[in-house]
Amino acid sequence: MTGTMLTLTIATPEAVAAEAAGLVQVRAEDPAGSFAIRPGHADFLTALVPAVVIWRDGAGVERFCAVRGGVLTVTGGRRVAIATREAVPGDDLDVLEHAVLTRF
């Protein structure tokens, strides 16, 4: 089943901040607003604004990572990659949203 699910990599120049597989959705934000990527999405490239990226696995568990803008690509309908200057992963959405507003 993981072949029909998404994989996600969020990388900074220094390190990989987050990696995940078996995902059903990745949410991010570009200048036009918030959007979702699901398995089978067309190849896609967009510039991100400072925001919190949210991804959900097949069990419904959500994870979060604040990014300081960056570039998001979707390839092959299942590979999502984000390159960003700074990324802060975390388990608490409210804390990360506050970090985005104050730090980024």
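Guide: A nonpolar core is a set of buried Ala, Val, Leu, Ile, Met, Phe, Trp, Tyr and Cys residues joined through side-chain atoms within 4.5 Å. Buried means under 20% relative accessible area, with a 1.4 Å probe and protein chains only. This is a predicted model: local features need pLDDT of at least 70, side-chain atom pairs count only at pLDDT 80 or more, and totals for chains, interfaces and linings use all residues. Residues are numbered from 1 along each chain as its sequence is written, and side-chain values use heavy atoms, leaving out hydrogens and water.

The largest nonpolar core holds 20 residues. Leu8, Ile10, Val26, Val53, Trp55, Leu72 and Val80 have the most contacts inside it. At least two residues of this core come from each of β1 (6-11), β2 (16-30), β3 (33-37), β5 (51-57), β6 (62-67), β7 (70-75) and β8 (79-83). Strands here are DSSP runs of E, at least two residues, numbered from the N terminus. β2 gives the most, with five residues.

Now the pairing around β2. Two strands pair if DSSP finds at least two bridges between them. β2 runs antiparallel to β1 over five bridges; Thr9 is bridged to Glu19. Four residues separate the two strands in a hairpin. β2 is also antiparallel to β3, again over five bridges, and a two-residue hairpin joins them. Ala28 has Phe35 as its bridge partner in β3. Four bridges link β2 to β5, also antiparallel. There, Gln25 partners Arg56.

Back to Leu72. Setting aside residues up to four places away in sequence, Leu72 touches (heavy atoms within 4.5 Å) Ala28, Phe35, Phe44, Leu45, Thr46, Leu48, Val80, Ala81 and Ile82. A second, separate core has six residues, including Val52, Ile54, Phe64 and Ala66.

Technical notes: Buried means under 20% relative accessible area, exposed over 50%, partly exposed in between (1.4 Å probe, protein chains only).
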